[in-house]
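Visitor: I have a structure to read and I am new to this. Could you take me through its features one by one?

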Amino acid sequence: MELFEAIHGRQSQGKVKPDAVPRETIEKLLSAAVQAPNHYKVRPWRFVVLTGEGRNRLGDVMAASQRDRQPDLPQVAFDKIRSLPLRAPVVIAVGVDKPSEEKVVEIENVCAAAAACQNILLAAQALGLGAKWRTGEWARDPKVKEFLGFAPDQHLIAFLYIGYPEFTLEPRERPSFEDRTVWVEGK
Ligand SMILES: Cc1cc2nc3c(=O)[nH]c(=O)nc-3n(C[C@H](O)[C@H](O)[C@H](O)COP(=O)(O)O)c2cc1C
């Protein structure tokens with residue numbers, strides 16, 4: 001698929017089939033991810049790939065984190081949360097390293113990891129996969145971060161849900177860049 005076709009054709013695809021995605025394909029996505037720019041070449045992205053039963057373990061932790069915050073929710077709500085990671089056969093959690101040297105700026109690490117996420121979404125699009133970037137309160141929860149191997153003060157910026165699309169999304173017009181752009185030109 002041509003690059004501009006992938007960029008313009010990408011949309012969040014929340015409805016994907018349960019069919020497993022081959023590891024080789026997931027690795028292609030990760031390889032695309034690490035082509036992203038990153039200041040000082042610190043490679044600040046961390047990926048945790050959850051498939052199969054691994055998603056149930058994430059669901060358990062998400063439900064537990066919800067219980068910490070809202071202990072009075074009905075059991076049915078916790079059961080729903082526990083099942084959320086099962087919405088796609090692959091969930092890639094993306095964390096960001098804290099700056100390891102004084103010259104490294106945290107926001108720039110976050111930017112680099114976000115660029116890696118976008119590379120994954122575009123690569124998924126090019127490979128005919130459906131993908132959706134999700135976060136929610138769980139992305140800010142220390143219990144969830146700990147399960148994924150991240151420190152409490154590390155940013156967890158994405159849960160990328162990926163699988164084969166259940167259906168083709170209708171093309172969608174997005175607002176243009178014009179009202180978000182000023183041009184500064186010489187006279
Ligand atoms: C940082 C970030 C977090 C997001 N978190 C969620 C989320 O928790 N739930 C959700 O439904 N979509 C989430 N999205 C997806 C956006 O809702 C989606 O990109 C937006 O609606 C535009 O649609 P599009 O991706 O089809 O262009 C997130 C996107 C980004 C960049």
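Predicted model: local features only at pLDDT ≥ 70, side-chain atom pairs only at ≥ 80, totals over all residues.

**Reading the chain**

Guide: Start with one residue. Serine 12 counts as exposed because it has 12 C-beta neighbours inside 10 Å. Residues are numbered from 1 along each chain as its sequence is written.

Visitor: Which residues is serine 12 in contact with, leaving aside its neighbours within four places in sequence?

Guide: Contact is defined as C-beta atoms, placed from the backbone, within 7 Å. On that basis serine 12 is in contact with Lys132 and Trp133, its neighbours within four places in sequence left aside. Serine 12 and tyrosine 161 are 149 residues apart in sequence, but 9.5 Å apart in space, C-alpha to C-alpha.

Visitor: Which residues are around the ligand?

Guide: A residue is near a molecule if its C-beta atom, placed from the backbone, lies within 6 Å of it. Around the ligand are Gln11, Ser12, Trp133, Arg134, Thr135 and Gly136. By class, that shell has one nonpolar, four polar and one charged residues.

Visitor: How many helices and strands are in the chain?

Guide: The chain has six helices and four strands. Their pattern along the sequence is α-α-β-α-α-β-α-β-α-β.

Visitor: What is the order of the strands in the sheet?

Guide: First, the general idea. Strands of a sheet pair through backbone hydrogen bonds, either parallel or antiparallel. Two strands pair if DSSP finds at least two bridges between them. Here, four strands form an open sheet in the order β1-β2-β4-β3, with antiparallel pairing. At the edges are β1 (45–51) and β3 (130–134), each pairing on one side only.

Visitor: How many bridges join β2 to β4?

Guide: Seven bridges join β2 (residues 90–96) to β4 (residues 155–163). Among the partners, valine 96 goes with histidine 155, and isoleucine 92 with leucine 160. β3 and β4 pair over five bridges, also in the antiparallel sense. There, alanine 131 has isoleucine 162 as its bridge partner in β4.

Visitor: Is β4 covered or exposed?

Guide: β4 is mostly covered: eight of its nine residues are buried. In the chain, 31% of the 187 residues count as buried.

Visitor: Which residues touch the most other members of the largest nonpolar core?

Guide: A nonpolar core is a set of buried Ala, Val, Leu, Ile, Met, Phe, Trp, Tyr and Cys residues joined through C-beta atoms within 7 Å. The largest core has 40 residues, and Val91, Ile92, Val94, Ile120, Leu160 and Ile162 touch the most other members. At least two residues each come from α2 (23–33), β1, α3, β2, α5, α6 (142–148) and β4. α5 gives the most, with eight residues.

Visitor: What does valine 94 touch?

Guide: Leaving out residues up to four places away in sequence, valine 94 touches Trp45, Phe47, Ala113, Ala116, Cys117, Ile157, Ala158 and Leu160.

Terms used
Buried ≥ 20, exposed ≤ 12 C-beta atoms within 10 Å, placed from the backbone. Nonpolar A, V, L, I, M, F, W, Y, C, P; charged D, E, K, R; others polar. Contact = placed C-beta atoms within 7 Å.
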